[in-house]
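Morning, everyone. Please bring the model up on your screens.

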Amino acid sequence: MSRPAELAESLLESGISAIKIWPFDPHAAEFRGQHISAEGMRTALRPFEEIRKAVGDRMEIMLEMHSLWSLPAAKRIAIEVAAFNPTWFEDPIRMNNAQALAEFASTTNVWTCASETLGTRFAYKDYLDRDATHVVMADLCWTGGLTEGRKIAAMADTYHRPVAPHDCIGPVGFAAAIQMSFSQPNTLIQESVRAFYRGWYLELVTELPKIENGYVYPTEAPGLGLELQKSFFERPDLSIRESRL
Ligand SMILES: [Mg+2]
C-alpha cells in the first residue's frame, strides 16, 4: 500500500506477474463500510494508478476487499477500480448472503472471487448455484482439509469455474494447498505471500515448496513433504491445542 510500483517491479523481477492488494481496507472504518468518501476513494485508487504507470499490464492486480463493505459501497468501489482492469474483486461483502454477492457479480465485468471464509462444499454450492462467484477461493485448513477442498474444486469445475487456493495461515496449509492445486484440472493460480515464505514460514518447517520464476512446485517427500522443525517444539511461546474425535 505504501510503495506499490516498487513492489510490482520487484515481483516481476522474480517472475511473479500477479499481485493482490487491499488499499480500500483503511477507509472502511470511517463509515463502518457503509460508504466511502471521495478522498478515501482517491487515496485507495492510487496504488492501482502507480502499478499501471510503472509496469503497465504486465502485472495482474487482484483487489482484496476482506468483506468490509456493504453491497452498494462495494458496487461503487468496483465501478471505479474497473477502469484499471483488475483480474478479480475478492470478498467484497460478508459471505453470508449468496444472493447479495450475485447482485455484486452481475454489476461488473470484472470477475468476482469468493471465498476463503466459506466452510464445506455446501456453502460453496449456494454461491455457485446463484452465479455469485467466478473464481472459487478456498482455504483447506478452514474448509475441511484436502478431501473437502478436492470436492469443492471438483464441484466448481462442474460449474466451469476455476479454483484458487488460499495462503497466509502457515507453511503446512501452504504445502497442502499446492498439492491440491496440482491435483485439480481447474486450478487457476496458487496464492502465496513472499514475505511469509521468505520469512516466518522458514522458522517453522524443514522444507518449503520450491518457488521459481513465478511457479511453485510441490514438495517431493511423502505426505505433505515437510515436517515441523524440532526447535519449534522448544519455543517458549508454544501453545498446543489438540482436536480429538
Ligand atoms: Mg482473500
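One definition before we start. Helices here are DSSP runs of H or I with at least four residues, numbered from the N terminus. That is how α8 gets its name, and α8 gives the second largest pocket the largest share of its lining, three residues. Keep in mind that this is a predicted model.

Stay with that pocket. The second largest pocket holds about 220 Å³ of space. Its lining includes C141, W200 and F232. Eight of the lining residues are nonpolar, two are polar and none is charged.

Now the largest pocket. Its space comes to about 1,400 Å³. It has 47 lining residues, and I16, A18, Q190, E191 and S192 are the closest to its centre. The lining splits into 25 nonpolar, 13 polar and nine charged residues. Among the elements that each supply at least two residues are α1, β1 and α8.

Next, the metal. Which residues are the protein donors of the magnesium ion? They are E64, E90 and E116, at 1.9 to 2.2 Å from the ion. Along the chain, their spacing reads E-x25-E-x25-E. E90 sits in strand β3, while E116 sits in the loop between β4 and α5, 26 residues away. Are these two buried or exposed? The cut-off for buried is under 20% relative accessible area. E90 has 0%, so E90 is buried. E116 has 8%, so E116 is buried.

Last stop, helix α4, residues 98-106. Its buried residues include L101 and F104. Their cover includes α3, β3, β4 and α5. N97 caps the N-terminal end of α4, with a side-chain oxygen 3.0 Å from the backbone nitrogen of Q99.

How values were computed: Residues numbered from 1 in each chain as written. Predicted model: local features only at pLDDT ≥ 70, side-chain atom pairs only at ≥ 80, totals over all residues. Heavy atoms only, no water. Buried < 20%, exposed > 50% of the residue type's maximum accessible area, 1.4 Å probe, protein only. Contact = heavy atoms within 4.5 Å. Polar contact = N/O pair within 3.5 Å; in protein donor to acceptor, adjacent residues only side chain to side chain. Donors = N, O, S within 2.8 Å, 3.2 Å for Na, K, Ca; no water. 1 Å grid on protein atoms, 1.4 Å probe; cavity = no way out; pocket = protein on both sides within 12 Å on 5 of 7 lines; lining within 4 Å. Points joined across faces, edges and corners; volume = space filled by probe spheres on them. Nonpolar A, V, L, I, M, F, W, Y, C, P; charged D, E, K, R; others polar.
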